[in-house]
Amino acid sequence: MSTRPIAPSEITPRALFDERREFLRVAAGLSLGAVLPPAAAVEKLAPARKSPYSVGESPTPFKDISGYGNYYEFSSDKTGHIGPAQAMKTRPWAVVVEGLVAKPKTFAIEDILRLAPLEERIYRHRCVEGWSMVVPWVGYPLAALLRQVEPLGSAKYVEFVSHADPAVMPNIGRRLLDWPYLEGLRLDEAMHPLTLLVVGLYGEVLPNQNGAPLRLAIPWKYGFKGGKAIVRIRFVERQSETAWMKAAPNEYGFYANVNPTVDHPRWSQARERRIGEFRKRETLMFNGYADQVAHLYAGMDLRKFF
Ligand code: MTE
């Protein structure tokens, strides 16, 4: 995906240049490791139980899930974010949950990891750009965290704010997107049992490039709805203007439900390329989760609310 005001030809050479510079900086930092205090250790995840919400499809290999994706804070290239993302520290980490709630609270990542039993959920993951994967995420329903703060009746939407640190993220400070990366869900979407707070992948701690230490997976929506490295969750009354809506409002809507009948203005959404496969597949309505989520949108014009 791209923001319209900047053509790839304008940004790519400089992005590449800066990524190389960042790589060198990281490499230099690593060589100083002996004299720096060690980073706080990241503990292993508790065992995850299998979930009935998993799809019966073979997961995409770990090397593909961790080796291809989008993380614009680090790079606008599908693999360029991986190296630089390793420099990000994920401990200590805390998530502020605030806004229209009775009991706002800041959760340390250690507490978040123990808040509910971990589950392995094998979900379809469809990017708005037309590629897809099958991902064995580890996490638990976001609702388990959200309930802790007792949302007020006036809360209608939930915002998710990602980490933004110019010291390790080369694109913060560039006008690629309006930072920090902001996403949002309607309250009923956020509380839906499929909406997963993700802390792991393939049974292990989430790799930095996939959004460590915690990100969201909303499997019936395009991948950009799942913000990475979340630091703040805010209950609000009105629908938020998300990072991609600000960048290109006619291309990326608030709902972003996977819908093969509503094309992106610049490409069709009818089919997708499953990473590792040759032939394209038909994209399924709500990414194959229609039975579980179609009722959330009953009576809505999905061309208008795309
Ligand atoms: N979250 C942040 N903070 N920054 C991003 O650039 N990219 C989004 C989403 N979450 C993005 C993000 C997009 S476009 C997709 S498709 C998914 O992350 C990709 O996640 P993956 O790399 O784990 O597949």
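The structure is a predicted model, in which local features need pLDDT of at least 70 and side-chain atom pairs count only at pLDDT 80 or more, whereas totals for chains, interfaces and linings use all residues. Residues are numbered from 1 along each chain as its sequence is written, and side-chain values use heavy atoms, with hydrogens and water left out.

The chain has 8 helices and 13 strands, where helices (H or I, at least four residues) and strands (E, at least two) are DSSP runs numbered from the N terminus. Of its 306 residues, 52% are buried, a term that denotes under 20% relative accessible area, with exposed meaning over 50% and partly exposed lying in between (1.4 Å probe, protein chains only). Contact is taken as heavy atoms within 4.5 Å, and among the contacts in the chain with a separation of 6 or more, 73% are accounted for by residues 24 or more positions apart.

In soluble globular proteins, nonpolar side chains tend to be buried together. A nonpolar core is defined here as a set of buried Ala, Val, Leu, Ile, Met, Phe, Trp, Tyr and Cys residues joined through side-chain atoms within 4.5 Å. The largest such core holds 85 residues, of which Trp137, Leu142, Trp220, Phe224, Ile233 and Trp244 touch the most other members; its largest share, 7 residues, comes from strand E5 (residues 131-141). Leaving aside neighbours within four places in sequence, Phe224 is in contact with several residues, including Met1, Val128, Trp244 and Tyr252.

Strands are treated as paired if DSSP finds at least two bridges between them. E5 and E12 run parallel and are joined by 2 bridges, with Arg273 in E12 as the bridge partner of Trp131. E12 is also joined by 2 bridges to strand E13 (residues 281-282), in an antiparallel arrangement, and here Arg271 stands opposite Glu282. The hairpin of E12 and E13 has 6 residues between the strands, and within this hairpin Gly276 takes a positive phi near 100°.

His264 lies in the loop between helix H7 (243-247) and strand E12 (271-274) and is buried, with a relative accessible area of 5%. Its side chain forms a polar contact of 3.2 Å with that of Glu251, a polar contact being a pair of N or O atoms within 3.5 Å, of which, within protein, one must be able to donate a hydrogen and the other to accept it, and residues adjacent in sequence count only if both atoms are side-chain atoms. By contrast, Lys103 is partly exposed, with a relative accessible area of 46%, and a polar contact of 3.2 Å joins its side chain to that of Glu150.

Around the ligand there are 18 residues, of which Tyr72, Glu73, His125, Gly226 and Lys228 come nearest, a residue being counted if one of its heavy atoms lies within 4 Å. A polar side-chain atom of Lys228 lies 2.8 Å from a ligand oxygen atom. Taken alone the ligand exposes 530 Å², and the protein buries 100% of that.

Conventions: Accessible areas come from the Shrake-Rupley method with a 1.4 Å probe; for residues, only the protein chains shown count as cover.
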